[in-house]
Amino acid sequence: MSVGGVPSPDFDETRYERPNQDWVCGHTCDGCPCRIGPSPKGECRATTECQPVLTTKEGETKGTWKCTRPKDWGGACPTGPKPDGTCCNAIPKCRPTRSVRNRRGLVTRTVIAASAGVLLVALAGPWREAFVNPAPLSQHHSGVEFEKMTAGRVGAAGQGCVSCHRETKDGFAEWTATAAQVGTRSLSFANLVSTHPKDFSRMDASCLNCHQPLAFHAANIARETSCAVCHVEHQGRGPLAAVASQNCTDCHGAPAEMRAAAEKGRGMPAAYYTKTHLAGPMFFQDHRPPEGFTETITSFAGDHPEFRALRPGSPRDENTLAFNHAVHLTGDIPTLGGKPLDCTSCHRPDSNGAFMQRISFERDCRACHSLQFDERNPGLELPHGDAVFVRAYLRSLPTQYADHATRKLRLPAPEIPRYVEAQMLQLRTRARTGELLEEHVFFSDLKKGPVARIAGLDGPARAKFAGCASCHEVTPRPNSAPRITPPVMPDRWLHRGQFDHAKHTQMACASCHATATKSKLTAEILMPTQQSCVRCHSPKGGVRDTCTECHNYPIAPPPGW
């Protein structure tokens, strides 16, 4: 213990092990290190336990050797020094060990040297591209096809880093120069700790080699954002990592940003916002508002508006085909194949289950809605799909009856003329003239004309065919077949979003399409409401409700933009 910074009188400075020593006595682990300690080179310097001293009393000339072993080592030994003045207790030699400081320094120097060697070998060797790659690229930015596409644009062959990071094809000297240059750019300390947007201009330039001329996903965006802010690469070999909802709400959840976008978008041509679709599916066409899609939205469950197709004043379904969901789901209709009609009777998933197949008369309607215009000949039915074909069929009925007698009834040839004459006679009895027959076929509907009870199939002396006008919009044309308006049945109702029926197979159709059993008009859109989706797609419902779960982009720019 020290007093006032002065060491205790009993303190032995020779026993103090200084922290800057590189070597310690080999007996330290036994609790009895020697007082001298190893040399700076790690050699044992131990000899004896003490260095005897010669004492001469007054009047003596020869003197006596005295032991100087310290008290903590046992004090003076009983035998004392040898006659020649050497200590009688020799210390066994030890093997000095490195101190913690020495070992730590050795490990540090070894690691630094090994790391430098590995870096030099990895960066100079042929595998340096794989070495500097932080994680695999997505399937969109890798592979042979991407290599072919980018080789002519970036001016360098090879795939991976060189396609987007041009510096990877340079040597070590160029890398050093590039690293020095970015000190004044986005990687400088001042820029890293500041709140202003980082400089991704070099990365964006690489993106625009392939994605030109699209600068962002909407023409009226008020504040440009770098591609790399939202589209993060090096997250795995699958699809490009989904954009985080926070990236979307940074703009779409900011009222000031949306007001600026609305102001910028007013007066822009509608073609700037027209989303292109794959050929084939038919999309419901709504109308873009003058201010664009600039409502402030921070979450799907919180302030997301109702789907545009269901809002008051939105365009209605323009399909002219007369269809009544309520009658088909709740009416007095015979079973089909022993099963009552339900949604799945007509609505069948497509090959991948994401959407429903387009409704087909042959597959979905014909089983109930017969084209049998002559009840005495069940196998004789009108063609469907073209009014010209129907008109030609009706004007060649003798030939059709003769063909029916030959193919279906298999009558002998001598009986066919009598069969045809009999059928034409009973047909004239009912319709009187061919013109009236055509009129009945085309213009009869469920309110007027020679119609039987379709569901019950019990119309005496009446054909089971209800007439084209019972389902279609039929317009007469002089000296020509009537015009039948083709039905327009959209395959996609949310063309600014996406939906997958395959992910909802455990749910009943009525849980989302609740109004179908009450719908009587084709113009009524039976889509699920936004709130019906929120029941599951929300923090409370436990199903993902991110922006990219439903929305995908970009919108392809118009030519010349």
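User: Where is the place of phenylalanine 131?

Analyst: Phenylalanine 131 sits in helix H2. Please note that the model is a predicted one.

User: How accessible is phenylalanine 131?

Analyst: Its relative accessible area is 38%. Phenylalanine 131 is therefore partly exposed, since that value lies between the 20% and 50% limits.

User: Which residues make the nonpolar surface patch with Phe131?

Analyst: The patch consists of Val118, Leu119, Val121, Trp127, Phe131 and Val132, and its area is about 540 Å². Two elements, H1 and helix H2 (128–132), each give two or more residues to the nonpolar patch.

User: Which element gives the most to the nonpolar patch?

Analyst: That is H1, with three residues.

User: Staying with H1, what span should the helix have, and how far apart are its end C-alpha atoms?

Analyst: Helix H1 covers residues 100–124, which is 25 residues. At 1.5 Å a residue the helix should span 36 Å, and the end C-alpha atoms are 36 Å apart, so the two values agree.

User: And which residues of H1 are buried?

Analyst: Asn102, Gly105, Ala122 and Leu123 are the buried residues of H1.

User: Now the charged pairs. How many salt bridges does a search of the whole structure find?

Analyst: The search finds 14 salt bridges. One of the pairs is glutamate 295 with arginine 308, at 3.7 Å from N to O. Both residues of this pair are in the loop between helix H10 (255–265) and helix H11 (325–330), 13 residues apart.

User: Is glutamate 295 buried, exposed or partly exposed?

Analyst: Glutamate 295 is partly exposed, at a relative accessible area of 35%.

User: What about arginine 366, with which residue does it form a salt bridge?

Analyst: Arginine 366 pairs with glutamate 362, and their closest N and O atoms are 2.8 Å apart. Arginine 366 is partly exposed at 24% relative accessibility, and glutamate 362 is also partly exposed, at 47%.

User: And how far apart are the closest N and O atoms of aspartate 374 and arginine 430?

Analyst: The closest N and O atoms of that salt bridge are 3.9 Å apart. The pair links distant parts of the chain, 56 residues apart: aspartate 374 is in the loop between helix H12 (361–365) and helix H13 (387–394), while arginine 430 is in helix H15 (residues 416–431).

User: Are the two residues buried or exposed?

Analyst: Aspartate 374 is buried, at 0% relative accessibility. Arginine 430 is partly exposed, at 36%.

User: Next, threonine 485. Where is it found?

Analyst: Threonine 485 is in the loop between strand E6 (483–484) and helix H17 (509–512). Its relative accessibility is 12%, under the 20% limit, so threonine 485 counts as buried.

User: With which side chains does threonine 485 make a polar contact?

Analyst: The threonine 485 side chain contacts that of glutamate 473 at 2.5 Å. The threonine 485 side chain also contacts that of arginine 483, at 3.2 Å.

User: Back to H15 for a moment. Is arginine 418 buried or exposed?

Analyst: Arginine 418 lies in helix H15 and counts as exposed, at 56% relative accessibility.

User: Last one: where is the place of leucine 409?

Analyst: Leucine 409 is in the loop between H14 and H15, and leucine 409 is partly exposed, at a relative accessible area of 39%. Leucine 409 and glycine 379 are 30 residues apart in sequence, and their C-alpha atoms are 9.1 Å apart in space.

Terms used
Residues numbered from 1 in each chain as written. Predicted model: local features only at pLDDT ≥ 70, side-chain atom pairs only at ≥ 80, totals over all residues. Heavy atoms only, no water. Salt bridge = Lys/Arg side-chain N within 4 Å of Asp/Glu carboxyl O. Helix = DSSP H or I, 4+ residues; strand = E, 2+ residues; numbered from the N terminus. Buried < 20%, exposed > 50% of the residue type's maximum accessible area, 1.4 Å probe, protein only. Expected span 1.5 Å × (residues − 1). Patch = residues over 30% accessible without salt bridge, like charges linked within 9 Å, V, L, I, M, F, W, Y side chains within 5 Å. Areas by Shrake-Rupley, 256 points an atom, 1.4 Å probe, with all protein chains shown as cover. Polar contact = N/O pair within 3.5 Å; in protein donor to acceptor, adjacent residues only side chain to side chain.
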